[in-house]
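Trainee: I've got this one open on my screen and would like to go through it with you. Could you take my questions one by one?

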Amino acid sequence: MKIKNGLKLREVGGVNIVVAVGEMAASFKGVVRLNATGTFLWKQLESDTSECELVASLLEKYDVTEEIANADVSAFISMIREAGFLDE
Amino acid sequence: MNNLKIEEAINLFGVYSCRPQGTSMFPTLDTERDTVVLRKKEGRLKKYDVALYRRPDGTCVLHRVMALEDGGYTMCGDNQWKLEHGVREDTVIAYLEGFYRGDKYISCDSRKHSAYVRFWCASLFFRRCALSILWRVKNNKNAR
């Protein structure tokens, strides 16, 4: 799975947001702000990856337990899937 | 996901992005292909900044600051020539940080864009003069 084309991660004034461009902008209005973990996961998802790989990269980057990493990745994937941001 | 008014979203997140509406900022902003990135206003805007403000009739407008006034601004769309005076400071919600044209991000602070803005604003001044003369000639003809 990966982030759909037309969704750009941009830092504005220290805030990381997702901007819909091109055709995606016609169907999406508003703003999605990402925290540090969300930004990290988003960047991983800019190229094709799996949920297991996301958990592994989160464990490598942050000092968290596997249980927390699994829960965070699962919650993040659910959120962006619901928003229609994922190509699967 | 919540449905917030643009002011609420900007106050909450500090930033907002959307497609521009209308043609008043054409050719700088194109409703068909551009996405604007707006940032919450903090402090006074500068000449040639693009401001998002709410008019007394409730409409939200994205126009360029052409001059600073006491407690407000003179605004004009890049596709317009009539100046809008007396836009109050407290009605300005945000300013244009930059915009995406397709996949490419154009920052309003970039040298290239600043040069374009200066050129375009200068050409609007000459256009305003030309249109003003044409209107006077037309009115004089009609008066005879």
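Trainee: How many residue pairs are in polar contact across the interface of chain A and chain B?

Mentor: Bear in mind that this is a predicted model, where local features need pLDDT of at least 70, side-chain atom pairs count only at pLDDT 80 or more, and totals for chains, interfaces and linings use all residues. Residues are numbered from 1 along each chain as its sequence is written, chains are lettered from A and ligands numbered from 1 in the order in which they are written, and side-chain values use heavy atoms, with hydrogens and water left out. A polar contact is a pair of N or O atoms within 3.5 Å; within protein, one must be able to donate a hydrogen and the other to accept it, and residues adjacent in sequence count only if both atoms are side-chain atoms. By that rule, the number of residue pairs across this interface, both at pLDDT 80 or more, is two.

Trainee: Which element supplies the largest share of the side of chain A that touches chain B?

Mentor: β2 (7-12), β3 (15-20) and α1 (24-27) of chain A each supply at least two residues of that side. Helices (H or I, at least four residues) and strands (E, at least two) are DSSP runs, numbered from the N terminus. The largest share, five residues, comes from β3(A).

Trainee: Which side chains meet in a salt bridge?

Mentor: For a salt bridge, a side-chain nitrogen of Lys or Arg must be within 4 Å of a carboxyl oxygen of Asp or Glu. Chain A and chain B have one by that count. At 3.7 Å, N to O, the partners are A:Lys8 and B:Asp103.

Trainee: Moving into chain B, is B:Arg64 buried or exposed?

Mentor: B:Arg64 sits in strand β4 (residues 60-69) of chain B. Buried means under 20% relative accessible area, exposed over 50%, partly exposed in between (1.4 Å probe, protein chains only). B:Arg64 has a relative accessible area of 2%, so the word for it is buried.

Trainee: Which backbone oxygen lies 2.7 Å from a polar atom of the side chain of B:Arg64?

Mentor: Look among the residues that B:Arg64 touches (heavy atoms within 4.5 Å). Not counting residues up to four places away in sequence, they include B:Met25, B:Tyr48, B:Asp49 and B:Cys121. The backbone oxygen you want belongs to B:Tyr48.

Trainee: And what pattern does chain B follow along the sequence?

Mentor: Chain B has two helices and eight strands. Read along the sequence, the order is α-β-β-β-β-β-β-β-β-α.
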